[in-house]
Every structure is written in structure tokens, then in C-alpha cells.
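Hi,

Here is the structure for you to look at. My notes follow below it.

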Amino acid sequence: MDGEPETQQRTSVDLGPQCPSCGEPWLRPTNLPGRYRCVYCLHRFELTSVCPNCGEHSTIVRMSSTAILKCNNCGDSMLQAV
Ligand SMILES: [Zn+2]
Ligand SMILES: [Zn+2]
């Protein structure tokens, strides 16, 4: 297991998607595809392919940081706590 240092701060802080748990815009993608972690409250989330709110399937384009985090049908978050 290689412990990758995640505490390294970057100078250009780009406010990302909001955390569903604490509401702070500190969601960051992890090294696992479709997985995100809030660096503020340290909760982990998984990007689902089916909307947990309306059940609509979403075509998720997993292109690094530009992944769609919201259901394009109802606008609910596609992130589920892991
Ligand atoms: Zn959070
Ligand atoms: Zn939906």
C-alpha cells in the first residue's frame, strides 16, 4: 500500500462541488474512479449511476474533475455516502 500524502495544499484553491454532508465546497476526487472525499469533514462519497432521488439513469462522463455530480432530471445530488 502506498500512502499518498493528501494533506498537501495547493496554492490555487479551486472551490469544487459542495459536500452533501457539511455543505462546504471541498469535495475532491480520490484516486478511485467515481469516488469523492470531502476534505473538510472527511466524509467519503460515491458517484452513483442511478439517481437516488428519482431513479433516473445518468450518463456519467468520468472525465477527471469535470464529472457530472447532479442528476440532469431532478437536479439532486448523485453522490451517496460510502
Ligand atoms: Zn463535508
Ligand atoms: Zn434525479
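Four strands make up an open sheet, ordered S1-S2-S3-S4, with antiparallel pairing. Strands are DSSP runs of E with at least two residues, numbered from the N terminus. Two strands pair if DSSP finds at least two bridges between them. Strand S1 (27-29) and strand S4 (79-81) are at the edges; each has a single partner strand, so one side of each lacks a neighbour in the sheet. On average, neighbouring strands of this sheet are turned by 35° against each other, direction ignored (axes are lines fitted to C-alpha atoms).

This is a predicted model: local features need pLDDT of at least 70, side-chain atom pairs count only at pLDDT 80 or more, and totals for chains, interfaces and linings use all residues. Residues are numbered from 1 along each chain as its sequence is written, and chains are lettered from A and ligands numbered from 1 in the order in which they are written.

Tyr-36 has Phe-45 in S3 as its bridge partner. The protein has zero helices.

Of the 82 residues, 11% are buried (20 or more other C-beta atoms within 10 Å of the residue's own, C-beta atoms placed from the backbone). The largest nonpolar core has eight residues, among them Tyr-36, Phe-45 and Leu-79. Such a core is a set of buried Ala, Val, Leu, Ile, Met, Phe, Trp, Tyr and Cys residues joined through C-beta atoms within 7 Å.

Leaving aside neighbours within four places in sequence, Leu-79 is in contact with Pro-20, Tyr-36, Phe-45, Leu-47 and Leu-69 (contact: C-beta atoms within 7 Å).

Best regards

Terms used
Axes fitted to C-alpha atoms, helices over the stretch in contact; angles between N-to-C directions. Buried ≥ 20, exposed ≤ 12 C-beta atoms within 10 Å, placed from the backbone. Contact = placed C-beta atoms within 7 Å.
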